[in-house]
Amino acid sequence: MQRRFPEGFHWGVATSAYQIEGAWDEDGKGPSIWDTYAHTPGKIRNDENGDLANGHYHRYEEDVALMKGIGTTAYRFSIAWPRIFPTGSGKPNPKGLDFYSRLVDQLLAAGIEPFATLYHWDLPQTLQDKHGGWQSVETAKAFADYAGYVAEQLGDRVKHYFTINEFRSFVEGGYQLVDVKVGGKTIQLGGAPGLRLSDAELKQVRHHAVLGHGLAVQAIRARGPAGTRVGFAENIRVAVPIVDAPEYVAAAEAATRERNAGFMTVMLEGRYTDEYLAEAGGGPRFTDDELDTIASPLDFVGINVYRPGWYVEPADEPPGYREIPINASHPKMQSSWHVLDPEVMYWAPKQMQSIWGSKSIFITENGCATGDVVAEDGKVYDTDRVMFLRACLGQLQRATSEGVPVDGYFLWSAQDNFEWIDGYGNRFGLIYVDFDTLERTPKLSAEWFRAASRANAVV
Ligand code: PNW
């Protein structure tokens with residue numbers, strides 16, 4: 001029996017500007033903090049960078065045709081802020097906007113619905129230099145001006161916007177390089193601008209990021225045409241109940257709500273939790289007006305879902321749940337952080353509905369890196385990605401069949417690309433990219449994706 005998705009479900013793929021475009025200094029684009037970071041020796045694996053990346057800026061027509069060929073019905077791309085405003089604010093650069101305008105036309109002609117992300121971490125360098133980036137409310141305000149401008153300019157054709165991609169990743173990684181324990185090994189996750197702030201300072205950065213989101217939502221509504229829809233794309237940390245029984249499920253919900261306090265919880269509830277405010281170190285500073293802005297009503301929520309945050313069971317003492325560390329032998333995908341549990345794809349949207357009453361949910365990212373090689377016949381047999389996708393989408397279908405309102409899925413990623421500090425080593429694409437020739441080859445998983453999209457089902 002086919003495990004079908006609801007009628008109208010979007011079968012999408014996702015990318016981000018810095019990871020695929022290249023053309024880092026063309027047509028008037030200003031430098032971003034990722035240009036600066038990747039140009040600094042020792043920051044990225046093999047000192048690689050996104051100067052050329054996939055050359056998508058010049059190959060977007062071919063890339064749209066490839067997406068169409070593999071059954072994509074929606075595309076989530078990001079707009080590089082420093083292409084539109086080279087110094088973050090002031091006079092817009094028409095050539096920058098023109099690139100996205102041509103991309104959007106190409107997508108619509110191919111029958112692919114465009115979903116634009118406005119911030120996927122490539123902050124204009126000028127705003128870092130002038131204001132310390134998201135350490136200042138000035139960056140949040142500039143972000144809203146830029147977001148409103150884009151909605152005004154592209155709003156006749158782009159109806160869906162995600163404000164910010166993964167608040168958690170760029171704030172924690174960029175402003176407080178973090179040491180993460182994965183399977184007993186300690187690895188450092190981080191990125192631009194590569195600072196090490198105190199906990200209280202970090203809380204202020206989080207606050208400005210969610211405030212920037214709220215201000216952007218208001219600007220998009222004010223300046224975009226009627227019918228423009230907006231939400232965020234956050235890397236939710238999901239607590240997975242050890243047993244699927246009511247008291248465990250309740251414990252997991254409490255844990256998820258608390259562990260997302262600085263991002264998801266404040267954006268959806270308009271308040272910081274008592275525990276978050278009581279943490280040692282203090283912060284953040286905020287006003288009630290700011291909280292109202294942060295919690296501006298949304299049309300949908302986007303969640304990036306890769307791995308379980310942790311496992312929980314109920315406890316008698318406060319906070320009512322107990323966190324269970326992930327076993328060292330837990331199965332993993334290729335990225336060092338990528339603990340594998342497909343059931344997180346069930347629990348993540350389920351908890352969005354049960355904790356916050358979400359009525360329209362997009363999976364804005366899900367995918368994995370695998371060790372892909374071109375076989376003698378020229379094909380790429382990524383059987384592990386096929387396994388991963390079938391298992392994850394099976395769990396997503398389980399959620400939709402129980403009435404969880406998931407309206408679409410965006411696979412990360414359309415193509416292999418620049419994977420931040422892992423450089424070009426970790427391949428997440430449905431389409432293989434030879435980074436010497438920039439030749440593109442759809443993988444075995446693309447065949448699976450096309451079949452699933454056509455059937456609107458787990459196949
Ligand atoms: C996301 N984790 O980052 C980003 O949005 C993408 O730009 C990136 O290429 C993709 O996922 C794959 O990494 C993540 O530790 C970084 O769980 C870290 C985690 C998840 C997502």
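Here is a short chat about a few labels used for this predicted model.

User: Why is Gly111 called exposed?
Analyst: Its relative accessibility is 53%, and exposed means over 50%, so Gly111 counts as exposed. You'll find Gly111 in the loop between helix H5 (94-109) and strand S4 (113-119).

User: What makes strand S2 largely enclosed by the rest of the structure?
Analyst: Buried means under 20% relative accessible area, and five of the five residues of S2 (residues 10-14) are buried, so the strand is largely enclosed. Both faces are covered, with His10, Gly12 and Ala14 on one side and Trp11 and Val13 on the other.

User: How do you know that S2 pairs with strand S14?
Analyst: Pairing takes at least two bridges, and S2 and S14 (residues 406-412) have five, in the parallel sense. Within S14, Trp412 is the bridge partner of Ala14.

User: And what makes S2 and strand S3 a pair?
Analyst: The cut-off is again at least two bridges, and three join S2 to S3 (residues 74-78), running parallel. Here Ala14 stands opposite Arg76.

Methods
Residues are numbered from 1 along each chain as its sequence is written. This is a predicted model: local features need pLDDT of at least 70, side-chain atom pairs count only at pLDDT 80 or more; totals for chains, interfaces and linings use all residues. Side-chain values use heavy atoms; hydrogens and water are left out. Helices (H or I, at least four residues) and strands (E, at least two) are DSSP runs, numbered from the N terminus. Buried means under 20% relative accessible area, exposed over 50%, partly exposed in between (1.4 Å probe, protein chains only).
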